[in-house]
Amino acid sequence: MTTVEERIRASGAPSRLGGKGISGAIQFTVFLVVIAVIVQSLYVVEARPQDLITGAHGMADIISRALPPDFSKFHSELWPTLETIDIAIFGTVAGVIMALPLAVLAAANVTPARWVYYLARGLISLCRVVPDLVWALIFVAAVGLGPFPGALAISVHSIGMLGRLFAETIEQMDMAPVEALALTGARRSQVFTHAVLPSVIPSLLGITLYRLDENIRSSLVLGFVGAGGIGFQLLSAMNLFQYQEVSLLLIIVFIVVLVAERGSAVLRAKLS
């Protein structure tokens with residue numbers, strides 16, 4: 001009997017059982033915390049599912065008044081639609097131009113100095129943490145209504161998003177070509193153009209296309225704060241209770257987003 005007990009102790013079975021008990025207690029605690037977080041979120045947002053049932057009649061009334069869409073205004077909506085697309089294009093191009101040098105400075109493997117690294121990272125974070133809608137409000141107050149403040153807002157926010165992704169891509173690149181070129185005595189600009197860019201350009205183009213797709217979506221709502229585009233038309237139509245025009249604008253938005261999404265996906269697939 002003593003020999004059997006010694007073997008059990010030597011095998012560590014009690015400790016494993018104790019470990020399983022502790023692990024189970026931790027999992028149960030995590031489960032309770034998750035439930036508590038969900039419950040408090042329902043309380044804070046004042047979730048009332050019954051309001052969806054009582055408000056169904058009002059939603060059905062709006063839908064009935066929005067049909068059929070007012071296609072007679074289709075031609076007048078083409079210019080705001082073009083504004084929306086061009087806001088995204090301008091914002092993406094300007095964002096890439098300003099984000100790329102910042103990303104080089106913010107990449108730990110190619111930055112010239114640690115203080116430059118932290119400064120570039122700080123600027124990228126500042127551009128990223130402030131939502132594009134807030135940037136749009138700031139630029140509308142600065143330069144007035146229209147598509148230009150929307151384009152500026154998309155540009156600044158894109159600097160933050162693209163700068164971070166570009167920097168992470170550069171940090172993950174193969175450093176062998178960079179080190180080989182540096183050993184030949186090449187200047188830092190030559191190392192960047194002949195070693196860094198050729199290694200990361202396909203990934204950077206894919207990230208840029210994805211960001212263009214996201215910027216088209218973002219530019220749709222910037223009009224709600226006066227930054228031009230189809231969003232401003234949508235807000236005006238809703239305020240004037242022109243629900244048939246609203247339904248037309250929603251159809252246009254759907255088509256623009258769908259085409260942008262599919263086009264971006266096809267181009268990224270070709271690059272990969």
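This is a predicted model: local features need pLDDT of at least 70, side-chain atom pairs count only at pLDDT 80 or more; totals for chains, interfaces and linings use all residues.

Trainee: How many salt bridges does the structure hold?

Mentor: Side chains of opposite charge can pair when their charged atoms come close. The criterion is a side-chain nitrogen of Lys or Arg within 4 Å of a carboxyl oxygen of Asp or Glu. The structure holds two such salt bridges. One joins the side chains of R164 and E168, at 3.4 Å from N to O; the other joins those of D213 and R217, at 3.5 Å from N to O.

Trainee: Where do R164 and E168 lie?

Mentor: Both lie in helix α8 (residues 147-171), four residues apart, about one turn of the helix. Helices here are DSSP runs of H or I with at least four residues, numbered from the N terminus. D213 and R217 are likewise four residues apart, about one helical turn, in helix α10 (residues 188-222).

Trainee: Is D213 buried or exposed?

Mentor: Buried means under 20% relative accessible area, exposed over 50%, and partly exposed in between, with a 1.4 Å probe and protein chains only. D213 has 6% and is therefore buried, whereas R217, at 31%, is partly exposed. In the other pair, R164 is partly exposed at 36%, and E168 is partly exposed at 27%.

Trainee: What does the side chain of T208 reach?

Mentor: T208 lies in helix α10, and its side chain reaches the backbone oxygen of L204 at 2.8 Å. At 17% relative accessibility, T208 counts as buried. Leaving aside neighbours within four places in sequence, T208 is in contact (heavy atoms within 4.5 Å) with T92, V96, L162 and F166.

Trainee: At what angle do α6 and α8 pack?

Mentor: Two packed helices are described by the angle between their axes and the distance between the axes. Axes are lines fitted to C-alpha atoms over the stretch in contact, and angles run from 0 to 180 degrees between N-to-C directions. Helix α6 (residues 114-129) and α8 pack at about 135 degrees, with axes 6 Å apart. Residues making this contact include Y117 and R121 of α6 and H157 and R164 of α8.

Key
Residues are numbered from 1 along each chain as its sequence is written. Side-chain values use heavy atoms; hydrogens and water are left out. Helices (H or I, at least four residues) and strands (E, at least two) are DSSP runs, numbered from the N terminus. A polar contact is a pair of N or O atoms within 3.5 Å; within protein, one must be able to donate a hydrogen and the other to accept it, and residues adjacent in sequence count only if both atoms are side-chain atoms.
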